[in-house]
Amino acid sequence: MSNKAETMKEKGKRTLTPKLRFPEFRDEPGWDALKLGEVASFHKGQGLPKSAIAPGGKYPCIHYGQLFTEYSEVIDSIISRTDSEINGLRSQVNDILMPTSDVTPNGLAKASCIKIGEVILGGDILAIRTNVKRVEGEFLARQIRQRERQVLQLVSGSTVFHLYASSLDKLAVSLPSPSEQQKLAECLSSLDGLIAAEGRMLEALNAHKKGLMQQLFPQPGQTQPRLRFPEFLQSGAWGARKLKKVAPLQRGFDLPSSEIREGTVPIVYSNGIRGKHAIGMATAPGLVTGRSGTIGKLHYIESGDYWPHNTALWVTDFCGNLPKFIYYLYDAIGLERFSSGSGVPTLNRNDVHGFEFAVPKRIKEQQCIADCLTALDTRIAAQAAKIDALKQHKRGLMQQLFPAPEATEL
């Protein structure tokens, strides 16, 4: 079949054809272009404050906030339970759930197909209910997510944003045959499974690194790590030193946005590199950490000049120690332990400087530890890049498997 975005069927009904179709559906008619309200009814959840959620509760439930953070396109297991006998809306298999209010509008385009019935649906959850013989809920949930821009155009409000059924029923959607919907849902579900498996591998690598660091560095008050490279087993204890004598920290330099001149020098803020400048105030290797707001996150500058911003603290002198080792040392210590303040957390530099911790005297031992953890970080970064590539592949695939969102607008 031609890849024209739009064809005509019987009685003038508008149809659409995606760029990419599975071979067995290429000779079938185009997808029906419809309004969501033509194939769905809308039902509103009620009640269920966070205080009503109880581990081990009698009834499975979903709080609307969980649709932003806990669930993706498919809900096949329930995280929360409650003992409250709420006489409200309960799910049906194939329902599509969407949050209907938020302080920012962007999250309101999330749609999740629930595969479990009789789950209590809390307030601010909209259940989109369709004829299961005509619409595959997982397929429609994925299509709604793809139409994020169109969904956000239906949102109203200025302080708190809302998505109403009376607006959402006008959302343009397109439907192929149920068998093609099922095939598309299975394809994307398989890809999601692969992404999830790679994500678990990334979590395992991060957990392995955390455990390894706990063994490669002594615990506070101790002078030897639990795990040591064989060639250093007879090298004696590490020397306990105050961190001011190991790698002292200094507040960064002010740089108003109006004074930034375009260049190649990275500006390292409390939360990392956020822009480039024409000149630098320090030369790598460098170590920068958050001073206010983002505490404990470390940024290692491998080479070149850089500008440590005044929202950050930077190491002015590695005192003869290996810079990359100090990066991992401070990571193992956890600088967030030195934060203070009841509002925006602030890193107390004096407390850091006064903290005593054991450090190996031999640069070669520092190098072995740094090399080991750097190799692990390289593997973690490669795994994260693999996941990003799979997610990008999924986005590109969906653009071809579904007609363009703009083409569906009636």
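Student: Are Phe338 and Phe355 buried or exposed?

Tutor: Some ground rules come before the answer. This is a predicted model, in which local features need pLDDT of at least 70 and side-chain atom pairs count only at pLDDT 80 or more, while totals for chains, interfaces and linings use all residues. Residues are numbered from 1 along each chain as its sequence is written, and side-chain values use heavy atoms, with hydrogens and water left out. Buried means under 20% relative accessible area, exposed over 50%, and partly exposed in between (1.4 Å probe, protein chains only). By that rule Phe338 and Phe355 are both buried.

Student: How many aromatic pairs does a search of the whole structure find?

Tutor: Rings of Phe, Tyr and Trp (its six-membered ring) pair if their centres lie within 6.5 Å; planes under 30 degrees apart count as stacked, over 60 as edge-to-face and the rest as tilted. Across the whole structure there are 13 aromatic pairs. One of them joins Trp31 and Phe402: the ring centres are 6.1 Å apart and the planes stand at 85°, so this pair is edge-to-face.

Student: Where do Trp31 and Phe402 lie?

Tutor: Helices (H or I, at least four residues) and strands (E, at least two) are DSSP runs, numbered from the N terminus. Trp31 belongs to strand S3 (residues 31-35), and Phe402 to the loop between helix H8 (363-401) and helix H9 (405-408), so the pair ties together parts that are 371 residues apart in sequence. Trp31 counts as buried at 0% relative accessibility, and Phe402 counts as buried at 1%.

The rings of Phe338 and Phe355 also form a pair: with centres 5.3 Å apart and planes at 70°, it is edge-to-face. This pair links distant parts of the chain, 17 residues apart, with Phe338 in the loop between helix H6 (323-333) and strand S24 (339-340) and Phe355 in the loop between helix H7 (349-354) and strand S26 (356-359).

Student: Which residues do ring pairs link into a cluster?

Tutor: Trp31, Phe139 and Phe402 are linked in this way.

Student: Which ring does the charged end of Lys183 sit over?

Tutor: A charge sits over a ring if NZ of Lys or CZ of Arg is within 6 Å of the ring centre and within 35 degrees of the ring normal. For Lys183 the ring is that of Phe22, with the charged end 5.5 Å from the ring centre.

Student: What describes two packed helices?

Tutor: The angle between their axes and the distance between the axes. Axes are lines fitted to C-alpha atoms, for helices over the stretch in contact, and angles run from 0 to 180 degrees between N-to-C directions. Angles under 35 degrees count as roughly parallel, over 145 as roughly antiparallel, 65 to 115 as roughly perpendicular and the rest as oblique.

For helix H2 (residues 137-146) and helix H5 (residues 178-216), the axes come within 8 Å and cross at roughly 70°. H2 is therefore roughly perpendicular to H5. Contact means heavy atoms within 4.5 Å; here Glu138, Phe139 and Arg142 in H2 meet Gln181, Leu184, Ala185, Leu188, Ser189 and Asp192 in H5.

Student: How do H5 and H8 cross?

Tutor: Their axes come within 10 Å and cross at roughly 165°, so H5 and H8 are roughly antiparallel to each other.

Student: How many of the residues of H6 are buried?

Tutor: Nine of its 11 residues are buried, and H6 is thus mostly covered. Among the buried residues are Lys324, Tyr327 and Ile333. Gly334, with a positive phi near 80°, follows H6.

Student: Which values of phi do Asn94 and Glu118 have?

Tutor: Phi of Asn94 is near 95°, a positive value in a residue other than glycine. Glu118, also a residue other than glycine, has a positive phi near 65°. Asn94 is buried, with a relative accessible area of 8%, whereas Glu118 counts as exposed at 55% relative accessibility. Asn94 lies in the loop between strand S7 (80-82) and strand S8 (96-99), and Glu118 in the loop between strand S10 (112-114) and strand S11 (120-121).

Student: Is the peptide bond from Ala284 to Pro285 cis or trans?

Tutor: That bond is cis, with omega near 5°. Pro285 has its place in the loop between strand S19 (282-283) and strand S20 (286-290).
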